[in-house]
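Have it open while you read.

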Amino acid sequence: MPYPESPFIANFNYNLITGLLSDQSEENDGKKISNSNENLGKTLNWLCSAPLSTSIRVNTLKSNNEDLMELIRDHFKKNSIGNSPTIYLHPLISNTIIIENEPVDGKTFNTYEKEIIVDAQCASAVLRGAHIYAPGVLGMVSGCQVNDNVSIYADIWKKCKRGFHKVYNESPKVFIGNGRVLLQRHQLFGEKAVTNGIAVEVKEILSGCYPIGEDIFPAGYGLLQNLPSILTILALSPAPGDTVIDMCASPGNKTTHIAELMKNEGILVAIDKTPRKVEQLKRRCDEFGAKVSIFQADSTKILDLSSNNMRNVREGPPFASETFDKVLLDAPCSVLGKRPQLINRMSENEIKSFVPLQRKLFETAVQLLKPGGTLVYSTCTITLAENEGLVAWALRKFSQIELIKPSLSLGGNGWSGTSLTTEEIDSVQRFGPDQTIDSVGFFFACFRKKI
Ligand SMILES: C[S@@+](CC[C@H](N)C(=O)[O-])C[C@H]1O[C@@H](n2cnc3c(N)ncnc32)[C@H](O)[C@@H]1O
């Protein structure tokens, strides 16, 4: 078993994933609700492994499918040490390039005597195709020279001290792959340590993922983006001339997609609460040629309930109710859908903290939406409470909205365990281990405001 079986620590309360918050259960009119435990085991295992492919969304404001495919193919021709990957346009999802991982089932990897130890976060990035940057290296055996081949191991239990110099046998280490040393010990550790740059170029990865970065094509031509995120915006279906708001927008992966589908025609507003993230969002939109009105604000407070709001939408919040044709609420969440996760140390209180915020944001979203308009709610987490639980709460609270099934429904059904009907469970989109799309754990639901 190369990966751990669950990213969570031994005494983790799995009811946080499969159960509802106590106040949500009370709202279910006393109906007896069972938890979705049947889905859990498979999901945990799946979370620890990497997706079987990498997807790149083409930014048609700056490039096109053929040119970007050509650049990617050229990169692999020049840089592959083994087979080149299979690269193709997704047959159903427009402007999306797929790079298939190399099948690794049954493959044996040579390991080298010399080794490096990386932290769990760095190991996850490597399993998704990243090289190893200087800050990610915890240990490197003494005597490693530039160009030496090394095996790469993850210290999942956070026991390895930075600067460790021997073969690491203190606690279980997980083999991740092999690479070539570019920076030596004296450059990585100590007072004169470098803080950036690639320390080890990854050559073979346990996940079969091909090392790839966005530096293989000019900035803004495309984006490494998970398929469910792309499908979320296709479900929102923004069109030229629309007035659209992205309520939690940074770093702008979905905002830039919205701008692209709008062909930069209409009004697109993007909000984020954190000033640093707003700067990041502005940079991404510039890079992608996306015309967006960007504001720093708390999206739970952007609604003006007075009846005489004459402000132009482009001036920013507060906005009058029923201003937007399309609303995206890509909510802050517990991010438990990330893959691969080798270890997750999020506390119970942290996991529980998101639902109240998601509800407040949703309430604002409903009010900002025009009758007949579309609202998409999405998270990159797997908990019942933040996904189906939120949808069940929303349908009970807001009689003016209804759930609609996206025309391109490549996700699976929602989990049972809430008051959602079978038809509603079939309308939401949950991405997990059973779907043909093997991506990250993700959820979205699409609503329409009744006229
Ligand atoms: C899931 S991330 C959004 C990712 C983004 N939509 C994308 O695809 O690139 C959630 C974002 O919500 C922001 N956020 C959290 N609370 C917020 C609030 N009350 N108002 C606005 N933004 C908020 C966070 O700063 C974070 O950038």
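1. Let's start with a pairing: which residue in S9 is the bridge partner of valine 181? The partner is valine 200. Keep in mind throughout that this is a predicted model.

2. Valine 200 turns up again from another direction, as the bridge partner in S9 of isoleucine 132.

3. Stepping back to the whole chain, it has 13 helices and 20 strands. For 451 residues, a compact globule would have a radius of gyration near 22 Å, and the chain's value of 23 Å agrees with that. Its C-alpha atoms fill a box of roughly 70 × 50 × 45 Å along the principal axes. Of the 451 residues, 54% count as buried. Among contacts with a separation of 6 or more, 74% come from residues 24 or more positions apart.

4. Now for an open sheet: 4 strands in the order S2-S3-S1-S10, with antiparallel pairing. Its edges are strand S2 (87-89) and strand S10 (222-224), each of which pairs on one side only. From one strand to the next, the twist averages 25°. S2 is joined to strand S3 (residues 96-100) by 3 bridges, and isoleucine 87 stands opposite isoleucine 99 in S3. If you're looking at side chains here, remember that in a regular strand they alternate between the two faces of the sheet.

5. Helix H8 (residues 253-261) lies across strand S1 (53-58) and S10, and it runs at about 45° to S1.

6. On to the annotated residues. An unreviewed UniProt entry places the feature "binding site" at Asp272, Asp298 and Asp330. They span 59 residues in sequence, yet no two of their C-alpha atoms are more than 13.9 Å apart, so they gather at one spot. Do treat the label as the record's own: such annotations may be inferred rather than shown by experiment.

7. Aspartate 298 is in the loop between strand S13 (293-296) and strand S14 (303-304). Its relative accessible area is 22%, so aspartate 298 counts as partly exposed. The side chain of aspartate 298 also makes a polar contact of 2.7 Å with the side chain of threonine 300.

8. Is aspartate 330 buried or exposed? At 18% relative accessibility, aspartate 330 counts as buried, because the cut-off for buried is under 20%. Aspartate 330 is in strand S16. Leaving aside neighbours within four places in sequence, aspartate 330 is in contact with Cys248, Lys254, Ser378, Thr379 and Phe442. With lysine 254 there is a side-chain polar contact of 2.8 Å.

9. Last stop: threonine 323, in the loop between strand S15 (319-320) and strand S16 (324-330). Although it is in a loop, threonine 323 is buried, with a relative accessible area of 15%. Not counting residues up to four places away in sequence, threonine 323 touches Thr243, Val313, Leu368 and Lys370.

Terms used
Residues numbered from 1 in each chain as written. Predicted model: local features only at pLDDT ≥ 70, side-chain atom pairs only at ≥ 80, totals over all residues. Heavy atoms only, no water. Helix = DSSP H or I, 4+ residues; strand = E, 2+ residues; numbered from the N terminus. Buried < 20%, exposed > 50% of the residue type's maximum accessible area, 1.4 Å probe, protein only. Contact = heavy atoms within 4.5 Å. Pairing = 2+ DSSP bridges. Axes fitted to C-alpha atoms, helices over the stretch in contact; angles between N-to-C directions. Polar contact = N/O pair within 3.5 Å; in protein donor to acceptor, adjacent residues only side chain to side chain. Rg over C-alpha atoms; globule rule 2.2 N^0.38 Å.
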